[in-house]
Amino acid sequence: MQAIPGYFRLATSDLRRRPLRTALAILGVALSTTLLLGTVSLHTGYVRALDSTIERMGYQVLVTAKGCPYEAASLVMRGGNVPMYIDETTFDTILEDPDVLEATKLFMQGMEAGDANHLMVFMGVDDRFRNLKPWMSLQRGSWFSGSGSGEAILGYNAAATLALNVGDRLPVGPTHRPVAIHGVFDRSGTQDDGMIFLPLPFAQELFDRQGKLTGVGVRLKSLDRVQAFLEKMFNLPSVQAITMTQFRSTVVEFVATSRILLMLSALVASFIGALGVLNAMTMSVAERLREFGLMKAVGASPSDLFGLTLLETGCLGLLGALLGTLMTAVGGWGLEALLRQVVPFVPPGRLIVIDTVSAVGSILAALLLAMAAGLYPAARAALVRPAPILRQVA
Amino acid sequence: MAEISGLWKSYSLSAETVEALRSVDLVLQPGEMVALVGSSGSGKTTLLSLLGCLDRPTRGVIRVQGLEVQDLRERELTQVRRKQIGFVFQDSALIPTITALENVGLPLSFAGKSGSDVEAPRLMLAQVGLAEKGTRYPAELSGGERQRVAIARALVHRPSLLLADEPTGNLDSENGHRIFALFRELVAAHRLCVLVATHNAELAGMADRRVHLRDGRMVNGGSG
């Protein structure tokens with residue numbers, strides 16, 4: 001055992017004296033750190049996941065029926081029922097355009113499937129789909145045979161969710177027609193992992209939308225021709241086009257606006273956390289004025305007492321910041337699940353990505369704020385006058 | 001040695017001024033144990049605070065080991081307390097969250113000796129008869145034991161002057177005698193000046209001499 005207590009020992013020993021008060025002060029700092037780090041990390045992760053999703057869409061322009069192009073784009077990207085359709089003949093017009101390198105027909109419908117009635121997204125595709133997404137390789141089974149009627153290929157996650165394998169049968173569509181699982185895609189890390197792919201004509205027939213498409217995904221020969229291509233699409237009746245870049249900018253702008261609001265909340269939470277530390281340390285110092293007087297009597301200088309109290313505050317701040325970082329890392333999954341429920345478009349993948357700079361920055365910010373809150377109690381401890389205090393017998 | 005001459009201390013309480021000490025003179029010699037007696041409010045604690053550099057006099061001179069301390073800056077007063085003065089209070093005033101041994105080591109911690117003199121607290125604790133109780137926390141010790149820990153803490157940095165304010169006030173008669181007997185041993189062993197304030201006439205009789213304060217004035221015994 002150390003015979004001469006160091007400052008750290010003196011500071012931390014006092015934190016154990018009132019465990020509930022210490023725990024509450026630490027929790028206050030932890031919550032504000034969680035909000036701060038969560039906000040910073042959410043933005044980083046969200047933009048990264050969005051970029052990855054857009055990159056893996058395989059096309060730069062999405063052509064849909066007239067309406068809100070951003071709503072249509074977000075529905076296509078996350079998978080769901082797009083309530084408006086374009087005529088399938090539009091696809092031929094688009095494909096004939098000299099600026100188009102490749103295009104694919106998209107037909108999307110959401111419906112319950114499987115024994116547990118999971119809400120699944122069905123995607124009608126043809127061979128061109130594979131040309132735009134060459135990375136979509138089959139983990140097992142094979143691509144549709146011939147017309148492919150009555151066959152389905154499952155995305156990686158869809159196979160896991162429905163617990164189905166190649167050769168199994170699945171009732172699909174409003175009439176619950178059984179389809180045979182013909183293959184399972186490898187994991188792509190995109191929304192495609194959760195989809196059930198059907199041959200396009202079969203999907204259109206199944207959902208009674210013959211000759212209709214949800215959209216057309218287009219890859220251009222040159223990105224310099226994007227604006228010209230959009231103008232040509234604008235002249236087509238009943239269709240509109242949006243580039244993935246436009247979609248990204250709008251979503252990122254929305255996220256940035258939300259981030260400002262979240263940052264303001266984080267600042268308020270940090271202020272409240274600092275007030276918690278100020279309250280805990282002010283009470284602690286007030287209760288120990290006699291002890292500080294005694295310490296002066298046995299040789300402590302004002303700067304010793306100032307440093308000792310500030311070190312105690314720093315320990316509170318550091319413990320809270322570390323706990324907050326841990327809470328962000330662990331609770332990030334929960335926050336992501338919540339976001340997926342309430343936010344219109346959330347890309348797949350990790351949304352809260354804690355990088356070293358954000359983590360260290362948040363810890364330092366929490367620590368500095370806590371120590372700033374500790375300045376007043378530290379000054380009060382340092383300025384204690386021992387003579388009047390020691391006159392009071394405990 | 002310590003010496004005070006012409007010492008005055010006034011306090012302002014609301015509209016009136018209270019003269020806690022009035023022209024007090026006192027000389028303490030090395031190896032001498034002096035009992036400071038007087039009723040409550042006679043100025044004993046004020047005198048100890050001034051001599052211990054915890055407060056400043058209104059007028060007069062205080063010398064500790066030949067150094068005039070009444071006009072020193074706070075930083076210099078801290079140095080005097082660290083090197084020359086040990087305090088014992090009525091209620092022992094131990095820090096409850098550290099062990100008895102760590103309490104004894106506290107003055108060395110503030111003197112910046114965390115890395116050296118590590119055996120001094122153990123030796124001091126052994127000297128007051130509590131070598132086996134170093135790992136106990138104050139709440140785990142009896143009143144007499146706590147006061148002996150406080151005495152060990154007051155002496156661990158080898159001060160020249162030990163000031164004790166009613167050190168037996170919270171103890172029974174037997175423990176009170178033990179504490180005074182310990183003071184006598186320490187005075188002999190370390191050639192200390194000990195100034196001990198007490199109400200107890202019997203214990204005061206164990207000192208080399210008595211100094212009597214009444215209403216802030218020294219009635220007798222100021223010269224050694």
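Which residues in H3(B) meet which residues in H4(B)? The legends below begin with that contact, in a predicted model.

**Figure 1. Helices H3(B) and H4(B) pack against each other with their axes 9 Å apart.** From H3(B), the residues in the contact are B:Ala100, B:Leu101, B:Val104, B:Gly105 and B:Leu108. They meet B:Ala120, B:Pro121, B:Arg122, B:Met124 and B:Leu125 in H4(B). By class, the contact of H3(B) with H4(B) has eight nonpolar residues, one polar and one charged. The angle between the helices is about 120°, so H3(B) and H4(B) are oblique to each other. Their crossing is right-handed.

**Figure 2. Helices H1(A) and H11(A) form a right-handed crossing.** H1 covers residues 7–15 of chain A, and H11 covers residues 302–342 of chain A. The two helices pack at an angle of about 60°, and their axes are 9 Å apart. H1(A) and H11(A) are therefore oblique to each other. On the side of H1(A), the contact is made by A:Tyr7, A:Phe8, A:Leu10, A:Ala11, A:Thr12, A:Asp14 and A:Leu15. H11(A) contributes A:Gly307, A:Leu308, A:Leu311, A:Glu312, A:Cys315 and A:Leu316. Sorted by class, the residues of this contact are nine nonpolar, two polar and two charged.

**Figure 3. Chain B touches chain A through 35 residues of chain B and 26 residues of chain A.** On the side of chain B, the elements that give two or more residues are helix H1 (44–51), helix H2 (74–84), helix H3 (100–110) and helix H4 (120–127). H3(B) supplies the largest share of that side, eight residues. The side of chain B that touches chain A divides into 14 nonpolar, 11 polar and 10 charged residues.

**Figure 4. Chain B has seven helices and 10 strands.** Its C-alpha atoms fill a box of roughly 50 × 40 × 35 Å along the principal axes. For 224 residues, a compact globule would have a radius of gyration near 17 Å, and the 17 Å of chain B agrees with this. Buried residues make up 50% of the chain. Of the contacts in chain B between residues at least 6 apart in sequence, 71% join residues at least 24 apart.

**Figure 5. B:Ala93 has a positive phi, near 50°.** Most residues other than glycine have a negative phi. B:Ala93 sits in the loop between strand E6 (85–88) and H3 of chain B. Is B:Ala93 buried or exposed? With 25 other C-beta atoms within 10 Å, B:Ala93 is buried, because a count of 20 or more places a residue in that class.

**Figure 6. A:Asp208 has a positive phi, near 60°.** A:Asp208 is a residue other than glycine, and its place is the loop between helix H7 (200–206) and strand E10 (212–213) of chain A. A:Asp208 has 10 other C-beta atoms within 10 Å and is exposed, because the limit for that class is 12 or fewer.

**Figure 7. A:Leu262 lies in helix H9 of chain A, residues 244–287.** A:Leu262 is partly exposed, with 18 other C-beta atoms within 10 Å. What distance separates the C-alpha atoms of A:Leu262 and A:Val40? The separation is 9.1 Å, although A:Leu262 and A:Val40 are 222 residues apart along the chain.

Terms used
Residues are numbered from 1 along each chain as its sequence is written. Chains are lettered from A and ligands numbered from 1 in the order in which they are written. This is a predicted model: local features need pLDDT of at least 70, side-chain atom pairs count only at pLDDT 80 or more; totals for chains, interfaces and linings use all residues. Axes are lines fitted to C-alpha atoms, for helices over the stretch in contact, and angles run from 0 to 180 degrees between N-to-C directions. Helices (H or I, at least four residues) and strands (E, at least two) are DSSP runs, numbered from the N terminus. Angles under 35 degrees count as roughly parallel, over 145 as roughly antiparallel, 65 to 115 as roughly perpendicular and the rest as oblique. A crossing is left-handed if the near helix is turned anticlockwise from the far one by less than a right angle, and right-handed if clockwise. Two residues are in contact if their C-beta atoms, placed from the backbone, lie within 7 Å. Ala, Val, Leu, Ile, Met, Phe, Trp, Tyr, Cys and Pro count as nonpolar, Asp, Glu, Lys and Arg as charged, and the others, Gly among them, as polar. The radius of gyration is taken over C-alpha atoms; the globule rule is 2.2 Å times the number of residues to the power 0.38.
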